[in-house]
Amino acid sequence: MLGDRWSLLIVREIMVGSSQFSAILRGLPGLSRSLLAARLRHLEGVGVLTRVPTGTGRTHEYRLTEAGEDLHELIYALGRWTVRWWFPEPEPDQVDNALLLWRMRAGVTSALPEGRTTIQFDFTDGEVRRGWIVATSAEVSVCLHDPRFPVDLSVTGSGRLWHQIWFGHRQLEDAIATGEILVEGPAKLARALPKWFALSPFSSDVLATKSAAG
């Protein structure tokens, strides 16, 4: 039922908030639209997820059923196992800044100021060198083309370093303090930036593993 290459990854994407077809696809590079559609039909057929109309025309969202939600412990156990036994720091050829921004978007917290907050990211390495996260109380979106909103904060740094931070190998506050990550904008917003993003669900496990290793 779940042993193919993509099914558990699809469940994980829905579990972390990607409820629409395009959002699930964006979070799984390498998965084709046709294969995603087939896997979603399969998962619906075996009772792991269900389709729910959005009320806006012909669109719908995918939601986990009770059986799907019950996979939460399994998926996170697999993640913790990976962190403990095989979780090297990202290599330069593994830097995917567009996907990283998408992951960071899912972890934006309620600590952002009211209204719209636009953060421009400039990366010094990786294929994608610039992107934006635009957050309001209603939604958080990632833009790879200029959204033409006033930029509240401009953040510059290595894409690989940002991957290390998000996975838990480095601390954002330390990278800012050493100048490896440069944050430009109002001082109050710049100081608050580290509180705006939840890191990888396994970042604490990565830190614990590194501490245990000495």
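Contact, in this report, means heavy atoms within 4.5 Å. On that basis, and leaving aside neighbours within four places in sequence, Met104 is in contact with Phe121, Ile133, Trp162, Trp166 and Phe197.

The structure is a predicted model, in which local features need pLDDT of at least 70 and side-chain atom pairs count only at pLDDT 80 or more, while totals for chains, interfaces and linings use all residues. Residues are numbered from 1 along each chain as its sequence is written, and side-chain values use heavy atoms, with hydrogens and water left out.

**The nonpolar cores**

A nonpolar core is a set of buried Ala, Val, Leu, Ile, Met, Phe, Trp, Tyr and Cys residues joined through side-chain atoms within 4.5 Å. Buried means under 20% relative accessible area, exposed over 50%, and partly exposed in between (1.4 Å probe, protein chains only). The largest core has 28 residues, of which Met104, Phe121, Trp162 and Ile181 touch the most other members. Among the elements that each supply at least two residues of this core are α6, β3, β4 and α7; helices (H or I, at least four residues) and strands (E, at least two) are DSSP runs, numbered from the N terminus. Helix α6 gives the most, with five residues. A second, separate core of 23 residues includes Ile10, Met15, Leu28 and Val83.

| Helix | Residue range | Buried residues |
|---|---|---|
| α1 | 7-15 | Ser7, Ile10, Val11, Glu13, Ile14, Met15 |
| α5 | 72-85 | Ile75, Tyr76, Gly79, Val83 |
| α6 | 97-106 | Asn97, Ala98, Leu99, Leu100, Leu101, Trp102, Arg103, Met104, Arg105 |

Nine of the ten residues of α6 are buried, so this helix is largely enclosed by the rest of the structure. Its cover includes α1, α2, β3, β4, β5 and α7. After α1 comes Gly17, whose phi is positive, near 115°.

Helix α5 has 14 residues and should span 20 Å at 1.5 Å a residue, which agrees with the 20 Å between its end C-alpha atoms; the expected span is 1.5 Å times one less than the number of residues. Seen down the axis of α5, its buried residues fall within an arc of 90°, so they line one face of the helix. The arc is that of the directions from the helix axis to the C-beta atoms. These buried residues pack against α1 and α10, whereas Glu73, Trp81, Arg84 and Trp85 are exposed on the other side of α5.

**A residue of α7**

Gln164 lies in helix α7 and counts as buried because its relative accessibility is 10%.
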